Amino acid sequence: MATPSRRSILATAATVGFGTVAGCLGDSGQSALTDETNPAGDVEPALTVDISETAGGSGPPVVDRTLPRDYEFGALVDAAQSGGPPQDGIPSIDSPSFNDADSPPAGLGEASPVFGVDIEGDVRAYPQYILVWHEIVNDIVGDESVAVTYCPLTGTAQGFYRGNVTFGVSGQLINSNLVMFDRATESWWPQMLAEGIQGPHENDTLEEFQIVWTTWERWKAEYPDTLVLNENTGAARNYGADPYGSYDPVNGYYEDDNTLFPPLQTDDRFPPKEVVIGTRNQDGASCINKDQLREERIIEGSLDGIGYTCVYDEALDTGYVYRNPDEVAVRTAGAEYEVDDSSYAADALPLPREIGYDAMWFAWFGYYPSTEVLA
Amino acid sequence: MSIASRTSGRLATYAGRTQAAIRLAASRRDSFGVFAGVTVGYLLIYLWAIQHLRIRRDVEAGIVWAAEPTTAMMRRTGPASWDTVALIDTGVVRLLFSPINTGIGFALAVLVGVSIALTYLALVQPRACGMGASSGFLAAIPALVGGSACCVPVVALVLGIQLTGTMMTMFAWALPVAVAMLVGSILYIGGKIDVNAVNAVG
């Protein structure tokens with residue numbers, strides 16, 4: 001796919017035509033026209049990814065992995081409802097373009113949320129304000145074909161290995177959550193579940209990788225050489241105007257207690273939009289309250305008799321979940337953590353780390369009503 | 001005479017009177033002004049309702065085309081909406097241009113313009129037109145809802161409601177229902193206008 005072409009407007013036509021429109025809207029300001037047209041800027045991209053070589057195949061790679069299932073898949077398919085747009089009506093980004101950290105897209109504020117990825121030292125940031133219009137980026141990071149996905153209605157950003165196929169937005173929602181489809185077999189893959197629930201890949205499980213939900217300011221401080229996705233997405237969108245609200249400051253859908261679609265199940269232990277960090281594996285589903293983790297820095301608990309330890313990473317304002325079957329003692333040591341008299345960064349404890357992701361409480365509980373809340 | 005032929009005869013009468021009323025509205029400066037103003041105004045409101053028109057003073061003037069404009073133009077983004085092919089910034093307003101959505105909006109705006117212009121004529125004619133005077137305005141509202149069907153979650157967010165499958169289906173039908181209501185209101189109002197009486201006053 002080609003990158004978007006850009007052209008300047010004929011000044012006369014624009015001045016007459018849009019000056020009239022502006023007048024009708026009661027705003028008389030008019031700035032001089034320039035040749036440069038995109039707030040993403042006039043900056044030469046540091047990288048534009050061509051994923052065409054990886055297109056095709058018979059479906060995404062799947063892994064032998066046991067995840068908790070609180071519903072029959074048929075019931076989930078029955079619970080699917082249209083979110084409005086048809087399949088691919090929300091276009092995924094299939095030719096992502098990136099800038100260097102020192103020339104980020106103009107719409108990216110210091111406190112704007114980004115979804116950070118580090119695969120084999122290839123570090124990238126995907127701004128929430130761009131992904132809210134696309135929900136899926138089919139990319140190649142660290143020589144791995146991956147999909148970086150985001151669902152605005154459940155506040156979930158998750159990464160999947162996609163092999164030789166690309167993912168798209170099906171237009172269906174289950175439990176308010178994005179239902180992806182793979183373009184090879186059109187199987188349905190609800191994002192939060194990471195499992196195929198309909199089509200040739202029913203009962204298959206995707207391989208995931210960790211995505212960090214943080215802010216641009218924190219991410220670039222931690223990874224100064226990061227690349228950042230720019231607005232050259234191939235689509236014309238009103239970037240900078242989130243249709244659901246704002247995260248900086250938090251308002252609209254992201255703040256209130258209303259859900260747009262009925263959750264599968266509800267629970268009032270937390271407000272519906274409270275952010276939890278959820279983990280699911282062969283032991284079951286568990287979550288921790290992110291605010292509580294910020295305050296306490298270490299939260300320990302057990303799931304199906306197995307110990308778990310969650311630690312807070314202040315630099316990125318995120319948390320990591322470790323399986324801790326031997327219940328090894330973990331203590332704070334400055335900004336780091338002490339295990340067996342040695343200090344470790346929050347993301348590098350000598351314990352098996354589980355994939356975890358931020359989610360709104362209503363969405364997590366809706367999909368995993370059997371969840372343990374570690375506290 | 002059968003019911004069918006009587007209905008058909010009445011429709012023909014209404015259509016004939018409506019045609020004459022539209023010709024009259026087009027020939028008079030005041031009613032044509034109403035038509036033009038309403039058409040332009042409604043189109044702008046429609047584009048705003050479907051989020052294609054916004055005040056954006058924070059971005060420089062310019063235009064960005066979609067990577068594949070023809071493909072984008074034909075890509076459906078909702079039950080009655082299609083994708084945008086260009087992002088046009090003036091430094092004041094931002095217009096997301098979709099040829100099909102704009103065409104739909106323009107067609108609706110013309111229908112609303114005609115409806116309101118006829119309502120205007122009905123009001124200035126000697127005899128009051130009763131319900132006919134307001135039906136043109138009422139018919140215009142579902143058209144806006146229909147247009148925004150592409151952005152149903154956003155509409156629900158504004159209204160603070162939770163969406164069900166039934167409601168999504170209703171949104172999908174809003175646009176054709178709006179068109180039917182607009183055409184119906186034009187025939188209804190046009191059929192009530194006595195062209196000769198209006199001419200006598202005008």
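**Entry 1: the largest pocket, by element.** I looked up which elements of chain A build the lining of the largest pocket. β14 (212–215), α5 (290–296) and β27 (356–360) each supply at least two residues. I am working on a predicted model.

Entry 2: I asked for the volume next. The largest pocket comes to about 530 Å³. Its lining counts 22 residues. I then listed those nearest the centre: Trp213(A), Tyr247(A), Val250(A), Val275(A) and Arg294(A).

Entry 3: How many nonpolar, polar and charged residues are in the lining of the largest pocket? I found ten nonpolar residues, three polar and nine charged.

**Entry 4: its domains.** I checked the pocket against the domain bounds. Domain 1 (47–229) of chain A gives at least three residues to the lining, and domain 2 (275–374) also gives at least three.

Entry 5: I searched the whole structure for cavities of 30 Å³ or more and got five.

**Entry 6: lining of the second largest cavity.** I wrote down the residues. Ala157(A), Gln210(A), Ile211(A), Trp213(A) and Ile277(A) are among them. Thr318(A), Gly319(A), Gly356(A), Tyr357(A) and Asp358(A) also line this cavity. Trp213(A) had already turned up among the residues nearest the centre of the largest pocket.

**Entry 7: which strand gives the most?** I sorted the lining of the second largest cavity by element. β22 (318–323) and β27 of chain A each supply at least two residues. β27(A) gives the most, with three.

**Entry 8: where does the second largest cavity lie?** I went back to the domains for this one. Domain 1 (47–229) and domain 2 (275–374) of chain A both give residues to the lining, so the cavity lies between them.

**Entry 9: the chain as a whole.** I count six helices and 28 strands. The chain has 375 residues, and 57% of them count as buried. The accessible surface is about 14400 Å². Carbon and sulfur atoms hold 44% of that surface. I also looked up contacts between residues at least 6 apart in sequence: 66% of these join residues at least 24 apart.

Conventions: Residues numbered from 1 in each chain as written. Chains lettered and ligands numbered in written order. Predicted model: local features only at pLDDT ≥ 70, side-chain atom pairs only at ≥ 80, totals over all residues. Heavy atoms only, no water. Helix = DSSP H or I, 4+ residues; strand = E, 2+ residues; numbered from the N terminus. Buried < 20%, exposed > 50% of the residue type's maximum accessible area, 1.4 Å probe, protein only. Contact = heavy atoms within 4.5 Å. Areas by Shrake-Rupley, 256 points an atom, 1.4 Å probe, with all protein chains shown as cover. 1 Å grid on protein atoms, 1.4 Å probe; cavity = no way out; pocket = protein on both sides within 12 Å on 5 of 7 lines; lining within 4 Å. Points joined across faces, edges and corners; volume = space filled by probe spheres on them. Nonpolar A, V, L, I, M, F, W, Y, C, P; charged D, E, K, R; others polar. Domains from an automatic or database assignment.
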